Amino acid sequence: MPEPSFWQPDLVALYFPKLTELTDTQVAAARARLESYLRAGWPEVDMRPNSPLGDLMLTPFAYLLAAMETAGGRFMSDLDLEQVAQGKIYNCDFVRAFLANFGVYDQASLQSTGVVRLVFATDADYTVDRRMRFQFGSNTFDLRLDFPGHLQIYKVGSVPTLNTNARVLRDIGNGQYACDVYVKGDMGAAVVAGDTATVDLVLTQLVSATALTDFATGEPASSLSVLAQKTRERFSGANLCARNNAVSYLQREFPELLGVSASVPGDAVQLRAAVNALGINEPKVDVYARSSQYDFLTAQQVRIQFFEEQDAVSVQRFIAKLAVVGNPLFIKSITSVDNPAVVLYPDNGLEIFTRSRSAAKAPLLTCAGTDYEDLWVSFEMPKNSSTGTDLLTTATDSDGSRFADFVVEYYYDPLFPAISSRVNSADVKPAGVDMLARPFVPVVITQFEVNYVKRAGTTMLLDQAKAEILAYLRKTTYPDAFSSAQIGDSMYYAGAADMKSIRVQARVWWSAATLVLPADAADPLVDYASAKGDAVTPPTVLIGNSSELALESYIDPLIGTGDETFAAVDILNLCYLLDPAVITFSETVR
Amino acid sequence: MKGLKLAFDGKGGLVLTDQVVEDEACLRQNAAVNLAQIRGSDRCFPDKGTRLLLAGVQGIIFDTQSAQHEANFAALDTLTFMQVHEYTEEVAKLPTTVTVQLTGIALGKLTYRMSFTFPEAAVADTLIL
């Protein structure tokens, strides 16, 4: 095997300082030490200054010694990750190889990852061999499955066993059914959203396999200094047994994560860990994670049944269990296919119910955005405000029920199920600890108006400022909190003379839902009136100015009562969700 | 104390690798090197050297009086340097005086006679700059 180049380094080029970089003090001290050292062996030899040996040998050697000492210090600096973390690197090849010894990123996570949407022509159960390969051009990807066995795809409406390699098809309209799967592999040319894959095994009824989002390279986009900092943070341990370890572990497994944190018993937002009779917290850890695609906005056509009555009780509402491909973080709108002018928004005529599928594992709002959450939508037949006539026409299916088609536009994190699956994998799950992967709680920003001052004649780079502000809001995550100063910096760089204020309208969305159903509440599809009666409205936390964006903490004040929802947010699980269009500017010229 | 012998031929010093000088001879040739060296040219010893050569080159020396004047300072600087940088156990062997006497002045050439008074005997060398 050929030796790597850093085994035979060019010490002079890599580590030696220039002669001019050596200080007089360094050289003089080196000469004194060298003279003292040599005189111990040859006390009779004249090495004083002005002597031939002193001036012609000892002094040049003093330069060499001083340079070697500096080079030695630099080499040790490359071994000291604190120095490397500060960007002081002399031999990048060596440092890269050195860091590899710590396994900052293991081989699996260095592979590229992505989400592939499988679309089938028939609603049925499928078994997909876990060895199936997806070919995107010259790139080959394998299924990323965290549990034993093959990938099981179940038909629409199925309830799969949790913590298995199971997916459920969702009706996406046009007689097609889809689910997302996660793949990993080596990526030469980039795979971007919309690229179509070919598969090496025959899968009947498979219409297409398409990249849902741009694939992550898997290569940490970090500089060596950032890698070194991560190494220092992680070397203490990278597993799921403690808060920092869990964070380190997931960052290593999923380098493309934009945010990750964990709440443990004792944290304000850790509401699952009740105190037992002995006064001891149950060992429960909530791992919050979001990928760089956490605000992926997508739309899916769904069919919603119109109920005139349930058990002879008049209902007159559209009600459906929401069966979309992803776990929605926030539903932006529901639009009628038949009449696109009819658009329903959460809390504006649109009711969205959430209920946990496992009250023991993820009670109430702790199930939000996870595999344990079921969602229902419900709304009245939209009416013409002046004539009172129905704005939508419904069709009738074979069993006589009325329905209409709608397009649900929602945000979700395509990578989150892969993270959740990894956290629950038997290979890494700590014994005796109840782990739950959860998405960050989004603060949905609907207005972000920056009021700035500019000098007359100044050209403002507002596009640049907008991009920077958006990037800042997206990446701000634990342990950092929002700071207006960062917005000010962006505005100054864009040419502003001053920033006067930031006008913000935002709301914490505990879940995509507007109403929380207790575990024993009725299914709205069966008994809407009863479900509505049992539903609890989660706290409304509105944010009206920029300083409140750095939300310190908000815990459901009704915990312990019948109206508890387990709504909880603080710096550990807070993120911002916004459409770039909501960032606007207001200018004052002076 | 032993060192390699230096030969001064009026064009600079030549190291004679096959000849050894000892004790006072070492001190004398070291002093001569110091006298002719420009002060500040050695980064290890900022006080090493004298102004003599530079004064000659820069035209500060323009007659016998100025030549002797600069030589006196150079002699004093050299003696001081030797006293400061001598090994502790060798200090007693240092010359008590160093004298630099102008012996000739011609176009492009100054000739000095360097004399030392050692505790045991006085020795003189001739140095041509």
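This briefing covers a three-stranded sheet in chain A and the interface between chains A and B. The model is predicted. In chain A, strands S2, S5 and S6 form an open sheet with mixed pairing, and 23 residues of this chain are in contact with 23 residues of chain B.

**The sheet in chain A**

- The strand order of the open sheet is S2-S5-S6, with mixed pairing, and strands S2 (126-128) and S6 (166-168) stand at its edges, each with a single partner strand, so one side of each is left without a neighbour in the sheet.
- Direction ignored, neighbouring strands of this sheet are turned by 20 degrees against each other on average.
- Strand S5 (residues 151-154) runs parallel to S6 of chain A and is joined to S6 by three bridges, and A:Tyr154 has A:Val168 in S6 as its bridge partner.

**Area buried between the chains**

- Chains A and B bury about 1900 Å² between them, with carbon and sulfur atoms giving 53% of this area.
- Of the area that chain A buries against chain B, A:Arg48, A:Asn50 and A:Pro52 supply 36%, more than any other three residues.

**Polar and charged contacts across the interface**

- Four salt bridges are counted between chain A and chain B, one of them between the side chains of B:Arg43 and A:Asp24, at 2.7 Å from N to O.
- Twelve residue pairs, with both residues at pLDDT 80 or more, are in polar contact between the two chains.

**The side of chain A that touches chain B**

- Helices H2 (24-39) and H3 (52-79) of chain A each supply at least two residues of this side, and the largest share, six residues, comes from H2.
- By residue class, this side of chain A divides into eleven nonpolar, four polar and eight charged residues.

How values were computed. Residues numbered from 1 in each chain as written. Chains lettered and ligands numbered in written order. Predicted model: local features only at pLDDT ≥ 70, side-chain atom pairs only at ≥ 80, totals over all residues. Heavy atoms only, no water. Pairing = 2+ DSSP bridges. Helix = DSSP H or I, 4+ residues; strand = E, 2+ residues; numbered from the N terminus. Axes fitted to C-alpha atoms, helices over the stretch in contact; angles between N-to-C directions. Contact = heavy atoms within 4.5 Å. Buried area = accessible area lost by both parts, 1.4 Å probe. Polar contact = N/O pair within 3.5 Å; in protein donor to acceptor, adjacent residues only side chain to side chain. Nonpolar A, V, L, I, M, F, W, Y, C, P; charged D, E, K, R; others polar.
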